[in-house]
Amino acid sequence: MARWPPAAMLAPMSDVPDMPLGAEVVRTKAALAMRYEDVCQDGRLMTMGMPQALGTVWRESVQSMPVWNARNVGIIPILAQMWMRGTDERVHVGRPAHCEGEALLAHTKDEEGGVARIVLDMRARIYATRGSVLGAQPEGAGETVLAGEVFARHVFTKLFAAPGDRRVRKLEIPGVPAIPSCEVSWIASPSQPDEDALEWLDPEPQNAVYQPLFAPHHCDSNQHVNSLVYPRMFEDAAHVRFDELGVKHAVLSREVALSFRRPFFSGQRSSLALRAFRQDESLGVSGQFLGAEGKGHCDVLMRFR
């Protein structure tokens, strides 16, 4: 039986706030090239097709911010949390698409009121052209519609410092305030989900049949498993679990929440704990990638419809 606590549940994207009013937000708008692997057979943008918009925000906004120079002194913004949410719009993969993105440098506070973390928040909304590659065109074909959105929070870290010295509570970079003026709240995971609002299909977390063994093709230039490997593997495992439970699972992930604790590297093996649930008309799975001695590496919440 999995060691992961059975009550754990990540905050849904509805709990993720918009960028604060009056904050020094850097905004961008850019075209996106939609890929065939980004759009499901029914025309909905897949959640795994959304994070590419963050790359556009990074190139068009973050790299022009003075804080980018933090890399020169060994301070790196590390992805800590990510949310993705897709609409049910049917879009044409070969028609124009674009994203509208925002980036914000901010800080969070600890319980004593001191600076807990320096964070870089990024949000991108993906707009595409309503339509269908094959078959009849939907009503309103050709209109620009919201297909999905993605939010990512990065925490500035002294990546190569000793374990106890990695947290960054102020920036010492020319042209950048030591503590960003904007304060944001840390988006915590509720310790207890609302049991009345959902039906657990699994009374306890279940160990997935698939136990990933990470290899070089799972890792990126940062030398560890890429952040998008986890939701891809998790979605596959969720469908296997639905099938084991005898639940109809011709559904697509529409909301994903990820919390990254520690990385995996090539050659390491993970176990995967899953707990399926039903809420209203949708299915969902909450779970965690576990490493040696049951330590959690990545928490995942995924909702399907």
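Biologist: What should I keep in mind about the model itself?

Modeller: This is a predicted model: local features need pLDDT of at least 70, side-chain atom pairs count only at pLDDT 80 or more, and totals for chains, interfaces and linings use all residues. Residues are numbered from 1 along each chain as its sequence is written, and side-chain values use heavy atoms, with hydrogens and water left out.

Biologist: Is Glu149 buried or exposed?

Modeller: Buried means under 20% relative accessible area, exposed means over 50%, and partly exposed is in between (1.4 Å probe, protein chains only). Glu149 has 9%, so Glu149 is buried. Arg125, at 22%, counts as partly exposed.

Biologist: Which residues share partners in a salt-bridge network?

Modeller: Asp18, Arg85, Arg123, Arg125 and Glu149 are joined into one network. The structure holds 21 salt bridges. Among them is Arg130 with Glu143, at 2.7 Å, N to O. Both residues lie in the loop between β4 and β5, 13 residues apart. Arg130 is buried, with a relative accessible area of 16%. Glu143 is partly exposed at 42%.

Biologist: How does the pair of Asp38 and Arg35 look?

Modeller: Their side chains meet in a salt bridge at 2.8 Å, N to O. Asp38 is buried, with a relative accessible area of 1%. Arg35 has 35%, so Arg35 is partly exposed.

Biologist: Now the core. How many residues does the largest nonpolar core have?

Modeller: A nonpolar core is a set of buried Ala, Val, Leu, Ile, Met, Phe, Trp, Tyr and Cys residues joined through side-chain atoms within 4.5 Å. The largest one has 67 residues. Met82, Phe156, Leu171 and Phe289 have the most contacts inside that core. Contact means heavy atoms within 4.5 Å. Beyond its neighbours within four places in sequence, Leu171 is in contact with Val67, Ile75, Leu105, Ile118, Phe156, Val176, Pro177 and Ala178. A second, separate core has 13 residues, including Leu10, Met13, Trp83 and Ala257.

Biologist: Which residues of helix α1 are buried?

Modeller: An α-helix has 3.6 residues a turn, so residues three or four places apart point the same way. In α1 (residues 52-60), the buried residues are Ala53, Leu54, Thr56, Val57 and Trp58. Their cover includes β1 (26-32), β2 (75-86), β3 (97-109), β4 (115-129) and β5 (144-158).

Biologist: Where does Ser270 lie?

Modeller: Ser270 is in the loop between β8 (253-260) and β9 (271-279). Ser270 counts as buried, at 2% relative accessibility. A polar atom of its side chain lies 3.1 Å from the backbone oxygen of Leu290. Leaving aside neighbours within four places in sequence, Ser270 is in contact with Gln211, Pro212, Phe214, Phe264, Phe289 and Leu290.

Definitions and conventions:
Helix = DSSP H or I, 4+ residues; strand = E, 2+ residues; numbered from the N terminus. Polar contact = N/O pair within 3.5 Å; in protein donor to acceptor, adjacent residues only side chain to side chain. Salt bridge = Lys/Arg side-chain N within 4 Å of Asp/Glu carboxyl O.
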